[in-house]
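This briefing accompanies the sequence and structure shown below.

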Amino acid sequence: MSLTAEEAKLLKAISVPNSDAAKIVRNFDWIVVVVLLFAVTAAFHIHFMLTAGDWDFWVDWKDRMYWVTLTPMILVIIPAALSYPLMHKLGLPIAGTVCGLCLVIGEWVSRISGFHLWAYFPYSLVWPAIVLPGLMLMDLFYMLFRNVFLASVFGGGAVAMAFAPANWPILAPYHVPVVHIEQLVNVADVIGYSFTRTATPEYLRFIERGTLRTFGGESTLVSTFFSAFVCMILFYMWWRIGQFLSNLGTIPNQLKTFVGLEADKDEAK
Amino acid sequence: MTRLYIKVVMMLVLFSVAGLALAHGERNQEPFLRMKTLHWYDIKWSIENDSTVQVNEEVTMSGKVHFFSRWPEQINMPDTVFLANATPGPVFVRVGTWLNDVPMIQSTGVEVGRVYDFKVVLKARIPGRHHVHPMFNVESAGGLVGPGIWMNIAGDANDFLYGVETRTGIVIEDLETYGVENVVKWHAFWAILAVLWLAWWVRRPLLINRFLWVKDNNWSALITRTDMMVGGILLVFIITVLIVANQITEKTYPRTVPLQGGKVEVQYVPNPEEGLVEVKNHTSEYYLPGRTITIDATITNNTGKVIQIGEFMSSNLRFVNKKLPIAMAGVDEGYPAELVPNKGLILSDDSPIQPGESRRLRMEATDVAWETERLSSLLNDPDSSYGALIFFFDEEGNRYTSEIYGQILPTFFDK
């Protein structure tokens, strides 16, 4: 695809440093960046809260099996879909980083205002998981390979492979054993038990209830590899969906004539 | 602007007429869940109703809970239950819970038709006036709450301290803040790294320029060798940080255990006196204009002793036979007054029931509580039946409990 004469003229004008055109375009960049940050935060945060939900809300749901398996799969969806337009339409390998950062901002706003100040839950119970390293690795692999297949294998896989290692430094202190009212539990269990969630009893926790029998107790490792495999497929699927949606084009705006404007003629091309 | 004013006024009107929602919505629960599942009795609180405790002070709730034999078919049997407290969130910290003296951090299974002793110890955390109940979460049924009282917490929430000592010797002084600094530190580290990576790209023209360059077939020129080099360094840096951080963590916390998800076994304590008095329901009516449930039943005394009816109890409502002093003595002064109807239990025949005797009589339980507790809505249930416990007392003060169950026939108006 090549530029039209008008587009070439525009590109020439905005490529002149410090020109009015360049300044206008830069201001436009900032407006879009701010709007995009809010939009991605809202979309990715609600997607993550509805799907990862309790696994991310509570320290005593962050187990070695379901949390480690499911969270990366949920994480990779929107960044993979956004990777196509950002990388292929703009040459920006930042989809995962933008999504991860927006999610972290949204989560902390929610944890501080909703969980802590409004509902009195301590931060030790409700801290969100670390998601950025895996999503950043996804961007970096994509940029280095510039190939969607390799990006799926290495980038998609990295979202899962980095998840448990990124979180273990903050989770480990909560997995230290404690004997509380004569029962062996860990610190996370005690925190979850002590700070009452009236409608979330112990049995509702969707956590590992027994080790994966034939893997020598290595739940985290097995869960991580399985999750990475699924993430590779998900990355590719959602990258394709992003590609499809980005290339849909537009349809003529029939309403323009109602407000006295000339009808669109060629937007569907 | 006028519309805005109207909206504000309407909002203020709404706030002024709306009642405060202070309790836990227990009245909203279907009557069958409250009448035919758990029956709580002998409930004791370590403090009086509406009295005040200081932040960090402990309070105890204890008593008995009976799991009804005719457990509703539409919910799971109580094979997975969790003893808890119904409070407005973590305003109290749950220090310990015991069922028949077995610690109940985990869930357990119970048998229907059995009675269990429970105890819940709480520690005051957030100042305010709170409604506090004992509660069982039952899988598929949700939270089933016992009678609640008001507790006031005074003091400063910042003074609250709740700690534990780990099995590895770490003394955690405050569970609220334990590990939080580390969490924030790591989140900040990764966020800063992400911001730096974004800044690397955002410092250059972002949208229109790049879009046009891509359209002009210059996509590959948008990512420079420097970008690739910086990206490669960042990739290696991230992987290195992950490896090193995990190695340090393993050394710092060599002994960890996964989240504990086992189930606890609780044996019921056999109660030889239970069921010695047989109660057979013939007809039960709810007289809507008078808020009265009338039960026509035959009572057979197999205890070998002379007994009298002391109390009819369902859904935490206690209709006590006021003519029987020992039954009245069972109602503590601090027990929530709204759950002990004034008129009590009226019997068609008050005389003692002799050993071996079968007597047919009528019991009347009248109170507006049938409406205010929203129990009369059981008439709208597909299975409009009730369940209750009846307490009998012999002359020596021994208590016998029996279940009663039957369909409710409505009487909507005076004939």
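Is B:P336 buried, exposed or partly exposed, and how many other C-beta atoms lie within 10 Å? In this predicted model, B:P336 is partly exposed, because 19 other C-beta atoms lie within 10 Å, whereas a buried residue requires 20 or more.

**Surroundings of B:P336**

- B:P336 is placed in the loop that runs between α6 (325-329) and β17 (345-347) of chain B.
- Leaving aside residues up to four places away in sequence, B:P336 touches B:N49, B:P147, B:G148 and B:I149.
- B:W150 is 186 residues from B:P336 along the chain, yet their C-alpha atoms are separated by 8.9 Å.

**Domains of chain B**

- Chain B is assigned domain 1 (19-168), domain 2 (180-252) and domain 3 (277-411).
- A distance of 25 Å separates the C-alpha centres of domain 1 and domain 3 of chain B.
- The contact between these two domains involves 21 residues from domain 1 of chain B and 20 residues from domain 3 of chain B.
- On the domain 1 side of this contact, α2 (31-35) and β1 (38-45) of chain B each supply at least two residues.
- That side of domain 1 of chain B comprises nine nonpolar, six polar and six charged residues.

**Contact between chains A and B**

- Chain B contributes 79 residues to the contact, and chain A contributes 81 residues.
- Elements of chain B that each supply at least two residues to its side include β4 (81-86), β5 (92-99) and α5 (225-252).
- The largest share of the chain B side, 13 residues, is provided by α3(B).
- The side of chain B that touches chain A consists of 47 nonpolar, 24 polar and eight charged residues.

Note on methods. Residues are numbered from 1 along each chain as its sequence is written. Chains are lettered from A and ligands numbered from 1 in the order in which they are written. This is a predicted model: local features need pLDDT of at least 70, side-chain atom pairs count only at pLDDT 80 or more; totals for chains, interfaces and linings use all residues. Two residues are in contact if their C-beta atoms, placed from the backbone, lie within 7 Å. Helices (H or I, at least four residues) and strands (E, at least two) are DSSP runs, numbered from the N terminus. Ala, Val, Leu, Ile, Met, Phe, Trp, Tyr, Cys and Pro count as nonpolar, Asp, Glu, Lys and Arg as charged, and the others, Gly among them, as polar. A residue is buried if 20 or more other C-beta atoms lie within 10 Å of its own, exposed if 12 or fewer, and partly exposed in between; C-beta atoms are placed from the backbone. Domain bounds come from an automatic or database domain assignment.
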